[in-house]
Amino acid sequence: MPLAFVFPFSCIAIWAGNGIVSKLAVGVLSPAALAWSRWVVAACILTPFLARRVWHVRDRLRASWLQLATLALLGMVLNQTFGYYAAQTLGATEIGLMMGLTPLLTVLLSIWLLRERPTWGAVLGGVLSLLGLAILLGHGEPARLFTQGIHIGSLYMLLSAGTYALYSVLLKKWDLGLDNWSMLYGQVLCSLALLTPFYLLVDGQWPDSQALWLILYAGIPASALSPWLWMQGIFLLGASRTAIFMNLLPVMTAGLAITLLGERLTSYHLIGGGLTLLGVLLAQLLLKPVVLRRRAPLAMAACQED
């Protein structure tokens, strides 16, 4: 169904736009204020549509509050907050390229936490992505990582991608018996509970009107609409085919950053980012499991002959 591709494509386009919003918010809105206010807006938008549905499953929500709070902490609080802090020092192009690591990290964490068998794509893709990441983080000179270390903004983005990958794996691991909208709404409320004390301690100032459109974009398309688009994509295309669209995020973010923010695409962006994305793509496409040949029986036979 050709129209089915519109849903994940639109979702990725919204996420790419959110990377631009992260940069435009620098100097206008603190990361703490943006992270908190977006979920306030999302809660206000979703409540009229979901309050009755959630009320009917309140017992299940209450029984799963710890898992929901953990998911909210990883996927909505830490992921977004780290990304907003990274935007203080990184360009939107670099943010998009590093966020593109999320599918590969999801595959690697699935091997560890879900006991999934490692694939050749995960092995080869991991090596390629590490090489590309070293080029990207070292601005074309990987050796700089040993002399100057990793830039704090890059560290924030690695943490952002890692927390979202862990969120994705736990989302797959935990069957809470809730529909997707109830899960989303429960996580939004948990996010507000977690972010409000942080916001009051770190910032505490009410955002001014200059930041209103940034908050509305982050709160409505990026927080309330995009999850529905992504879930529709999974429903119509399946999880594996939908996940491939994540590879468009760095490309679309870079395109918007060059067009709207005047950012410059350098050779290390192309080489490092290209290798990183190729590694991610291999991890998603090469699904043949790694099989190690056992030599123990041959060794035992040789011992018996002696």
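In the predicted model, the side chain of Ser129 lies 3.0 Å from the backbone oxygen of Thr276. Ser129 belongs to helix H7, which spans residues 120-137. With a relative accessibility of 2%, Ser129 is classed as buried, since the cut-off for that class is under 20%. Leaving aside residues up to four places away in sequence, Ser129 touches Leu101, Leu104, Leu275, Thr276, Gly279 and Val280.

Helix H1 (residues 6-24) packs against helix H14 (residues 248-260) at an angle of about 45°, and the two axes are 9 Å apart. H1 and H14 are therefore oblique to each other, and the crossing of H1 over H14 is right-handed. On the H1 side, the contact is formed by Phe9, Ile12, Ala13, Trp15, Ala16, Gly17 and Ile20; H14 contributes Leu248, Leu249, Met252, Thr253, Leu256, Ala257 and Leu260. Of the residues in this contact, 12 are nonpolar and 2 are polar, with no charged residue present.

Val28 is located in the loop that links H1 to helix H2 (31-56). Its relative accessible area is 26%, so Val28 is partly exposed. Val28 and Ala211 are separated by 183 residues in sequence, while their C-alpha atoms are 6.4 Å apart in space. Ala211 is also one of the residues that Val28 touches; the others are Gln210 and Leu214, with residues up to four places away in sequence not counted.

Methods
Residues numbered from 1 in each chain as written. Predicted model: local features only at pLDDT ≥ 70, side-chain atom pairs only at ≥ 80, totals over all residues. Heavy atoms only, no water. Axes fitted to C-alpha atoms, helices over the stretch in contact; angles between N-to-C directions. Helix = DSSP H or I, 4+ residues; strand = E, 2+ residues; numbered from the N terminus. Parallel < 35°, antiparallel > 145°, perpendicular 65-115°, else oblique. Left-handed = near helix turned anticlockwise from the far one by under 90°. Contact = heavy atoms within 4.5 Å. Nonpolar A, V, L, I, M, F, W, Y, C, P; charged D, E, K, R; others polar. Buried < 20%, exposed > 50% of the residue type's maximum accessible area, 1.4 Å probe, protein only. Polar contact = N/O pair within 3.5 Å; in protein donor to acceptor, adjacent residues only side chain to side chain.
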